[in-house]
Amino acid sequence: MLRVGVMVSGGGTNLQAILDAVDAGKITDTEITVVISNNPGAYALERAKKHGIEALCISPKDYENRDAFNEAFLNKIDEYHLDLIVLAGFLVKIPAAMIEKYEGKIINIHPALLPAFTGLDAQGQALNYGVKIAGCTVHFVDAGMDTGPIIMQAAVPVLDEDTHDTLAARILVQEHTILPEVVKLWAEDRLTVNGRKVKIRK
């Protein structure tokens, strides 16, 4: 049984998409073991509790400094013996020691077609730049900012009348498709990483 931890800061619709895929049998031999948020008010924690999943808040604000938070965060992650860590809208920088320890086992969903528009407010960046196509990317997490090997992407056209909210909403629909699909591929051991290239085995 694949043990998955999901980290999320907000409402958790991507978490819900994964839970729905597990419940529907699209993702097999997989359990969401823990959901962790830095935000005590994150609705994602309620989604987890409704599914009988342990839900924790671990916030940098509760620690004397970032080093203390990083150590506590990694120690808590270690307790769950996770096979895969999914960052599903987690707005906290992952400790370097955690990236090193769980190399190749942390994935992130980013609302842009990487390598374009890394960091915060990717949708706003795309609109300001005037691109005609935006989208989302699931990638492995490395030490850089949204720089890890790309696993899967989905494109979304940018319309002339788009606002930040309308574009973000259409991108989110695609996120709900590709993130569970990548978790499924992981569970089926169908991902192979060779340098920057990720191959999906049939």
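1. Helices (H or I, at least four residues) and strands (E, at least two) are taken as DSSP runs, numbered from the N terminus. Gln-123, for instance, is found in helix 5.

2. This is a predicted model, in which local features need pLDDT of at least 70 and side-chain atom pairs count only at pLDDT 80 or more, while totals for chains, interfaces and linings use all residues. Residues are numbered from 1 along each chain as its sequence is written, and side-chain values use heavy atoms, with hydrogens and water left out.

3. Seven strands form an open sheet of mixed pairing, in the order 3-2-1-4-5-6-7; two strands pair if DSSP finds at least two bridges between them. Strand 3 (54–57) and strand 7 (150–157) stand at the edges with a single partner strand each, so one side of each has no neighbour in the sheet. On average, neighbouring strands of this sheet are turned by 20° against each other, direction ignored. Axes are lines fitted to C-alpha atoms, for helices over the stretch in contact, and angles run from 0 to 180 degrees between N-to-C directions.

4. Strand 2 and strand 3 run parallel and are joined by four bridges. Val-35 stands opposite Ala-55 in strand 3.

5. Helix 1 packs on the sheet, where it touches strand 1, strand 2, strand 4 and strand 5, and its direction makes about 165° with that of strand 2. Contact means heavy atoms within 4.5 Å. Among the buried residues of helix 1 (residues 13–23) are Leu-15, Ile-18 and Leu-19; buried means under 20% relative accessible area (1.4 Å probe, protein chains only). Just after helix 1, Gly-25 takes a positive phi of about 80°.

6. Helix 6 lies across strand 1, strand 2, strand 4, strand 5, strand 6 (133–140) and strand 7, and runs at about 155° to strand 7.

7. Gln-123 is buried, with a relative accessible area of 12%. Leaving aside neighbours within four places in sequence, Gln-123 is in contact with Pro-111, His-164, Leu-167, Ala-168 and Ile-171.

8. The largest pocket holds about 900 Å³ of space. A pocket is an open set of points on a 1 Å grid over the protein atoms alone, where a 1.4 Å probe fits, with protein on both sides within 12 Å along at least five of seven lines; lining residues have an atom within 4 Å of a point. Grid points are joined across faces, edges and corners, and the volume is the space filled by probe spheres set on the points. Of the 37 lining residues, the closest to the centre of the largest pocket are Gly-89, Phe-90, Leu-91, Asn-108 and Ile-109.

Terms used
Buried means under 20% relative accessible area, exposed over 50%, partly exposed in between (1.4 Å probe, protein chains only).
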